[in-house]
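Here are some notes to read with the model open beside you.

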Amino acid sequence: MLQSHSNTSMLLERMTLLLGKDDKLLYYFGVGDKSPQMEKTDYSPEGLRAVVLKRIAFAKAYGGLFVIIKPNEDARYKNIVDVFDEMNNGQRELYCKTIN
């Protein structure tokens, strides 16, 4: 189930998704790093879904996965919807927040 709760974010593993121009999708883990290790993926089940499922399994030790979604001004609306659909897929326990 997709949830938004600001108080729980301190206890959870964090994943940030950066949505950009030309269907670009980057992600990184953690918070506060001056130069996070960015990875590239796509919106397919073998891309974003695989990354999220793998990280959920890892994040169980931290109480769950908190996903921050950051679309830039060039991101397509369709890509934002695709990400939300993926976060809600299978009613997984995730905590999401968007930042503009």
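1. In which strand is E13 found? E13 belongs to strand β2, which covers residues 13-19. Keep in mind throughout that this is a predicted model. E13 has a relative accessibility of 12%, and because buried means under 20%, E13 counts as buried.

2. What surrounds E13 once its neighbours within four places in sequence are left aside? The contacts are F29, R55, F58, A59, Y62, G64, L65 and F66. With one of these, R55, there is also a polar contact between the side chains, at 2.6 Å. R55 is itself listed among the buried residues of α1. A further distance to check is the one from E13 to G30: the two are 17 residues apart along the chain, and their C-alpha atoms are separated by 6.9 Å.

3. Now the chain as a whole. It has two helices and six strands, and their order along the sequence is β-β-β-β-α-β-α-β. The chain has 100 residues, of which 37% count as buried. Taking the contacts with a separation of 6 or more, 63% are between residues 24 or more positions apart.

4. T16 is another residue of strand β2. Its relative accessible area is 2%, so T16 is buried. Beyond four places in sequence, T16 touches L26, Y27, Y28, I68 and K70.

5. Y28, one of the contacts of T16, is found in strand β3. Y28 is buried as well, with a relative accessible area of 15%. Apart from neighbours within four places, its contacts are R14, M15, T16, L18, P36, Q37, M38 and K70. The C-alpha atoms of Y28 and E39 are separated by 6.3 Å, although the two residues are 11 apart along the chain.

6. How many aromatic pairs does a search of the whole structure find? The search finds one. It is formed by Y27 and F29: the ring centres are 5.6 Å apart and the planes are at 70°, so this pair is edge-to-face. Y27 is buried, at 10% relative accessible area, whereas F29, at 23%, counts as partly exposed.

7. T41 sits in strand β4, residues 39-41. At 13% relative accessibility T41 is classed as buried. Leaving out sequence neighbours within four places, T41 is in contact with L25, Y27, G47, L48 and V51. Among these, G47, L48 and V51 are also buried residues of α1.

8. Does the length of α1 agree or disagree with what its residue count predicts? At 1.5 Å a residue, its 15 residues should span 21 Å, and the end C-alpha atoms are 20 Å apart, which agrees. The buried residues of α1 are G47, L48, V51, V52, R55, I56 and A59. Seen down the helix axis they fall within an arc of 140°, so they line one face. The exposed residues E46, K54 and A57 are on the face turned away from that buried side.

9. N79, V83, E86 and M87 are buried in α2. Their arc about the axis is 100°, so the buried residues of α2 line one face of the helix. On the face turned away are Y77 and D85, which are exposed.

10. In soluble globular proteins, nonpolar side chains tend to be buried together. Here the largest nonpolar core has 17 residues, and L17, L19, V83 and M87 have the most contacts inside it. The elements giving two or more residues to this core are β2, β3, α1, β5 and α2. The largest share, five residues, comes from α1.

11. L19 is worth a separate look. Setting aside neighbours within four places in sequence, L19 is in contact with K24, L25, Y43, I69, K70, P71, N72, A75, N79, I80 and V83. Two residues on that list, N79 and V83, are buried residues of α2.

Methods:
Residues numbered from 1 in each chain as written. Predicted model: local features only at pLDDT ≥ 70, side-chain atom pairs only at ≥ 80, totals over all residues. Heavy atoms only, no water. Helix = DSSP H or I, 4+ residues; strand = E, 2+ residues; numbered from the N terminus. Buried < 20%, exposed > 50% of the residue type's maximum accessible area, 1.4 Å probe, protein only. Contact = heavy atoms within 4.5 Å. Polar contact = N/O pair within 3.5 Å; in protein donor to acceptor, adjacent residues only side chain to side chain. Core = buried A, V, L, I, M, F, W, Y, C linked by side-chain atoms within 4.5 Å. Expected span 1.5 Å × (residues − 1). Arc of directions from axis to C-beta. Phe/Tyr/Trp six-rings, centres within 6.5 Å; stacked < 30°, edge-to-face > 60°.
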